[in-house]
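Please keep the 3D view open as you read.

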Amino acid sequence: MRLGRRTPEEPQINLTSLIDVVFLLLIFFMVTTTFVNNSGLEIRLPEAGSETPAEAENTLEVAVDAADRVYVRGEPVASDPQTLRRELQKLAGGDFQRPLRIRADGRARHQAVVQVMDAAAALGFERVDIATQPIVAVEEP
């Protein structure tokens, strides 16, 4: 029996399985990643007291009360789209560059305000502001 000295073999690291695992993880993260798609809607929030007196005089106003009634020049008007467009057109007198302020009661439904906004957009108003009236608590005697 001849016992000889063997030369030690160099250990080999097989990277094939490691590369396969990393590749599969990469594919998994690429497939499951969601990309954020921000809408292109730019909103400028109002600032208190930012309106100049000249703008206040030039601003057209439409009011929506708690019962969803729409008022133009203090007079109630029907809230159907054609009537709203006609009344807003009379109010603007053909000048749709003027700002339009929608003054809505805090208890008014969102739908009533959006109908006024739709009518204004259909006419081509470029600047529509929304002002809300706070809910006033009435003390009972």
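Which side chain meets that of Arg127 in a salt bridge? The partner is Asp129, with 3.6 Å from N to O. A salt bridge here is a side-chain nitrogen of Lys or Arg within 4 Å of a carboxyl oxygen of Asp or Glu. Arg127 counts as partly exposed at 31% relative accessibility; the classes are buried under 20% relative accessible area, exposed over 50% and partly exposed in between, with a 1.4 Å probe and protein chains only.

A word on the ground rules. This is a predicted model, in which local features need pLDDT of at least 70 and side-chain atom pairs count only at pLDDT 80 or more, while totals for chains, interfaces and linings use all residues. Residues are numbered from 1 along each chain as its sequence is written, and side-chain values use heavy atoms, with hydrogens and water left out.

Now for the overall layout. The protein chain has four helices and five strands, taken as DSSP runs numbered from the N terminus (helices H or I, at least four residues; strands E, at least two). Starting at the N terminus, the order of elements is α-α-β-β-β-α-β-α-β. Of the 141 residues in the protein chain, 23% are buried. If you take contacts (heavy atoms within 4.5 Å) between residues at least 6 apart in sequence, 71% of them join residues at least 24 apart.

Strand 4 is mostly covered, with five of its six residues buried. Arg103, which lies in strand 4 (residues 100–105), is partly exposed at a relative accessible area of 27%. Arg103 also joins Glu61 and Arg101 in a network of salt bridges.

Beyond its neighbours within four places in sequence, Val62 is in contact with residues including Val70, Val72, Leu88, Leu100 and Val116. The largest nonpolar core has 22 residues, and those with the most contacts inside it are Val62, Val64, Leu88, Leu100 and Phe125. Such a core is a set of buried Ala, Val, Leu, Ile, Met, Phe, Trp, Tyr and Cys residues joined through side-chain atoms within 4.5 Å. Two or more residues of this core come from each of strand 1, strand 2 (70–72), helix 3 (81–92), strand 4 and helix 4 (110–123). Helix 4 gives the largest share, six residues. In soluble globular proteins, nonpolar side chains tend to be buried together.

Let's return to the charges. By the rule above, the count comes to seven salt bridges. In one of them, the side chains of Arg109 and Asp68 meet at 2.6 Å, N to O. Arg109 sits in the loop between strand 4 and helix 4, and Asp68 in the loop between strand 1 and strand 2, so this pair ties together parts that are 41 residues apart in sequence. Arg109 is partly exposed at 49%, whereas Asp68 is buried at 17%. Arg107 forms a salt bridge with Asp105, whose closest N and O atoms are 3.2 Å apart, and Asp105 counts as buried at 12% relative accessibility.
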